[in-house]
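Q: Could you walk me through one part of this structure in close detail, and then follow the charged pairs elsewhere in the chain? I'd like the cut-offs along the way, please.

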Amino acid sequence: MSDAAPTSTALPAVVQLDSLQLGYSFCPNDTFIFHALHAGLTPSPVPVREVLEDVQTLNDWAVQGRLPITKISYRAYFGVMNSYVALRAGGALGRGVGPLVVARAGAAETDLNGLDLNGKVVASPGALTTAELLLRAVYPDVKVLRMRYDAVMPAVERGEWEGQTVDAGLIIHESRFTYPQHGLSKVLDLGAWWEGETGLPLPLGAILVRRDLPAELKWNLNTAVRQSLEYAYAHPQAATEYIRAHASEMSEEVMRAHIDLYVNEFSLDVGDEGERAVRELHRRAVAVGAVPESDLPLFVSAASN
């Protein structure tokens, strides 16, 4: 399969600005951050209408220019920079947050010959995920089978996906907390690998807005997302039912661990260190031919974009 980034299509016109669709995932970190904004508990320059989907679907939709504001993997963002720019607030970066490669218990030292996955088949949550970009950086000759993120662990458990052998899996989101329950063992922590290589936090996901929106509106949307998160921190129980409603059968303990891990100071503002991390990830994606070079600003600013 080609690793080249899909070419983003021409964006559909924003017909009206009296409300905007905001896309984010079902994951507790996103519902925690956006609950106050969605519920009208904090101000917004325009009303937002939630659109909840899994992150790979949101990545694909960004290529189509489907939503004016959307959560997206940083890997996917690099392919749509002509159309979108990242907010400074609401994203997911950090240390100890990286995707994991897992295999059936015992397989890491037998079937997989230690840590060498070159030539092996790994179940992946999507071509446009940051996780797969890191996987290919470590194992350039790995073979991938792509599926929705919550299908990865069952496929590794069974050792197959739609009749094809699966040697290992690339897991993200809450799967990092639950994989032992599926009889799986960790082969490699890709976040730890990244931190060892760069000394920087790992960029996972960003909130994007269309570049063609008015500059003042883009900055005000950034402020709105930050204020929504600040409200969540000040009133941590306010979003509980909303988070639980979208967390499937996730336990309370896993929900809290998910939020504590993926929501942090970088979610309030990416900061200088976060910007360096994003630039480094972009540089590496360009270096392997995954995305084109770009000199466009990575983030919105209070001045103009």
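A: Happy to! Let's start at Gly 199, which comes just after helix α7 and takes a positive phi of about 75 degrees. This is a predicted model, in which local features need pLDDT of at least 70 and side-chain atom pairs count only at pLDDT 80 or more, while totals for chains, interfaces and linings use all residues. Residues are numbered from 1 along each chain as its sequence is written, and side-chain values use heavy atoms, with hydrogens and water left out.

Helix α7 spans residues 190-198; helices (H or I, at least four residues) and strands (E, at least two) are DSSP runs, numbered from the N terminus.

Within α7, Leu 190, Gly 191 and Trp 194 are buried. Here buried means under 20% relative accessible area, exposed over 50%, and partly exposed in between (1.4 Å probe, protein chains only). These residues sit on the same side of α7, because they cover an arc of only 105 degrees around the axis; the arc is that of the directions from the helix axis to the C-beta atoms. The buried residues of α7 pack against β6, α4, β11, β12, β13 and α12, where contact means heavy atoms within 4.5 Å.

In α12, Arg 279 and Glu 275 lie four residues apart, about one turn of the helix, and form a salt bridge with their closest N and O atoms 3.5 Å apart. A salt bridge is a side-chain nitrogen of Lys or Arg within 4 Å of a carboxyl oxygen of Asp or Glu. Glu 275 is buried at 19% relative accessible area, whereas Arg 279 is partly exposed at 42%. Through shared partners, salt bridges join Arg 88, Asp 269, Glu 275 and Arg 279 into one network.

The structure holds 19 salt bridges. Among them is the pair of Asp 30 and Lys 71, 2.8 Å from N to O. It links distant parts of the chain, with Asp 30 in helix α1 (residues 28-39) and Lys 71 in strand β3 (residues 69-73), 41 residues apart. Both Asp 30 and Lys 71 are buried.

For another setting, look at Arg 244 and Glu 252, whose side chains meet in a salt bridge at 2.8 Å, N to O. Arg 244 is partly exposed at 32% relative accessible area, and Glu 252 is partly exposed at 45%.
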